[in-house]
Amino acid sequence: MSKRIVVIGAGPGGYVAALKAAKLGAQVTVVEKDKVGGTCLNRGCIPTKALLASAEVLTAIKEAEEYGIRVEGKITPDMGLIIARKNKVVERLNKGIEFLFEKNNVRLVKGKGTLVGNKAVKVELEEGGCETLEADNIIIATGSSPAKIPVFPFDGKRVLTSDEILDLDYVPSSIIIVGAGVIGCEFGTFFSAVGSAVTMVEMMERVLPTEDSDLGKEMEKVLKRKKIKLHLKSRIEKVEIKENGVKAVLDSGKELEAEIMLVATGRRAEINDLGLETVGVKTDKGRIIVDDRMETSVKGIYAIGDIVPGLQLAHVASFEGICAAENIMGIESRMDYSAVPRGIFTDPEVGAVGMTEEEALNAGFRIRTGRFYFRGLGRAQAAGKIIGFAKIIAEEGTDKILGASIIGPNATDLVHEIVPAIKCAITVKDMSKLIHSHPTFSEAVMEALHDVHGQSIHNA
């Protein structure tokens, strides 16, 4: 008899875990109270990238004359059409996941799941009534939601979360974005591109505070070129919703006004009302404690994604789901977070993996760094995409690559050159021997590797 697995949540962690377990021969049921795909597909990764794709096209048209293309007439973004396109993309992918469930004999139950034992999940069904699902193993993958800080009077109209702003069907004349991390910077570049006056407020001393400081400084220059106003080392003390907009008071006493406000200050794990205390699943600081096999303190119950400690990234959740499914099905599998790529889809993009320079130094490493600016590449000059650089952090002595930070064209793809190098402990010297096609953006990574030892041919 095949193992019965119940997965609570159909986000990028849950649905991948379900499909992997099914392919390994399990009888799988997925419980989802909303649409399949979770935050990533419905309110995060995919819809924001759809919006940013529209902004990219708009920017390209506006800059067409720089490439010898004359565009006549008025060019304006239509937010209604942009949102409609975004919704079509999301709907298409929703149906794709449901098709994969059907093809792999994964049962989808719509409703809210609660643990009622270490081998049972009670579901309050969407259409009414309840159903109890018996299981040999349970995987919890309930994801996260935007953190709602009390100082902000969220009303969904003037003060919005990153969920609500995805359905904004007009271009606001002005917007205050609270937080200059990943979400804040992505929305900042989008609204700047479609014509909003953007002001960003960040408590830390620089934008993208969790990334390499050189990368953050470069992004700050990018945002300023886009006429985005930055208030760093600033905290909002008070917010007032007015008839035609919103007013914010900073800790310095300075007042900011805009038509709307987006609060992009992080996310919280969705672990309430799951019945964790009923079965004794341990938590710490709002997240479920797991081992490197993704098993919780209760044998047979696993947890993955944003609800466990670590990076809240869709691809991390997916790999944790695969890890959990394999362990349940008798395949020894352990999570390794040493080479997790991070992507930020601003204009230009940001890609990073491994340690930042600051993290490496704080960990006691003696390091060497290499850097190459995109403006030194023939491909970058030909494409008119010369902003940014690739940076490599390596350990002195062993020559092992500790991390990479890239800001520039296609950075979210280019960073994957360094992922296997970190994962497999490949040295800078060995990576430097790889021949790169010319002319490509990837040559920036090659030149940065050579620059670690002062051997970059084209570094001016």
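Tutor: Helices are DSSP runs of H or I with at least four residues, strands are DSSP runs of E with at least two, and both are numbered from the N terminus. The model we are looking at is a predicted one.

Student: What is omega for the cis peptide bond between Asp-347 and Pro-348?

Tutor: Pro-348 sits in the loop that links strand S20 (342-344) to strand S21 (349-354). The bond joining Asp-347 to Pro-348 is cis, and its omega is about 5°.

Student: Is Met-294 buried or exposed?

Tutor: Met-294 is placed in the loop between strand S18 (287-288) and strand S19 (301-303), and although Met-294 is a residue other than glycine, its phi is positive, near 75°. Its relative accessibility is 1%, and because buried means under 20%, Met-294 counts as buried.

Student: How does Asn-410 count by its relative accessible area?

Tutor: Asn-410 lies in the loop between strand S24 (401-408) and helix H11 (411-414), and it has a positive phi of about 60° without being a glycine. The relative accessible area of Asn-410 is 36%, and values between the limits of 20% and 50% belong to the middle class. Asn-410 is therefore partly exposed.

Student: How many of the residues of H1 are buried?

Tutor: The buried residues in H1 are Gly-14, Val-16, Ala-17, Ala-18, Leu-19, Ala-21 and Ala-22, and they pack against strand S1 (4-8), strand S2 (27-32), helix H4 (79-103), strand S6 (137-140) and helix H8 (314-328). H1 is largely enclosed by the rest of the structure, because the number of its 10 residues that are buried is seven.

Student: Which residue just after H1 takes a positive phi?

Tutor: The value to look for is a phi of about 105°. Just after H1, that positive phi belongs to Gly-25.

Student: How is H1 oriented to H4?

Tutor: In general, two packed helices are described by the angle between their axes and the distance between the axes. H1 and H4 pack with their axes 10 Å apart and at an angle of about 25°, and since angles under 35 degrees count as roughly parallel, H1 is to H4 roughly parallel.

Student: Which residues of H4 meet H1?

Tutor: H1 passes H4 in a left-handed crossing. From H1 the contact draws on Tyr-15, Ala-18 and Leu-19, and these meet, in H4, Ile-97, Leu-100 and Phe-101.

Student: How are H3 and H5 oriented to each other?

Tutor: The axes of helix H3 (residues 45-62) and helix H5 (residues 182-194) come within 9 Å and cross at roughly 40°, and the crossing is left-handed. By class, eight nonpolar, three polar and three charged residues make up the contact of H3 with H5. Because angles under 35 degrees count as roughly parallel and those from 65 to 115 as roughly perpendicular, H3 and H5 are oblique.

Student: Is Ser-405 buried or exposed?

Tutor: Ser-405 is found in strand S24, and beyond its neighbours within four places in sequence it is in contact with Asp-212, Leu-215, Gly-351, Ala-352, Phe-389, Ala-390 and Lys-391. With a relative accessibility of 1%, Ser-405 counts as buried.

Student: What distance separates the C-alpha atoms of His-458 and Glu-447?

Tutor: His-458 is found in the segment after H14, and at 52% relative accessibility it counts as exposed. Leaving aside neighbours within four places in sequence, His-458 is in contact with Phe-372 and Glu-447. His-458 and Glu-447 are 11 residues apart along the chain, and their C-alpha atoms are separated by 7.3 Å.

How values were computed. Residues are numbered from 1 along each chain as its sequence is written. This is a predicted model: local features need pLDDT of at least 70, side-chain atom pairs count only at pLDDT 80 or more; totals for chains, interfaces and linings use all residues. Side-chain values use heavy atoms; hydrogens and water are left out. Axes are lines fitted to C-alpha atoms, for helices over the stretch in contact, and angles run from 0 to 180 degrees between N-to-C directions. Angles under 35 degrees count as roughly parallel, over 145 as roughly antiparallel, 65 to 115 as roughly perpendicular and the rest as oblique. A crossing is left-handed if the near helix is turned anticlockwise from the far one by less than a right angle, and right-handed if clockwise. Ala, Val, Leu, Ile, Met, Phe, Trp, Tyr, Cys and Pro count as nonpolar, Asp, Glu, Lys and Arg as charged, and the others, Gly among them, as polar. Buried means under 20% relative accessible area, exposed over 50%, partly exposed in between (1.4 Å probe, protein chains only). Contact means heavy atoms within 4.5 Å.
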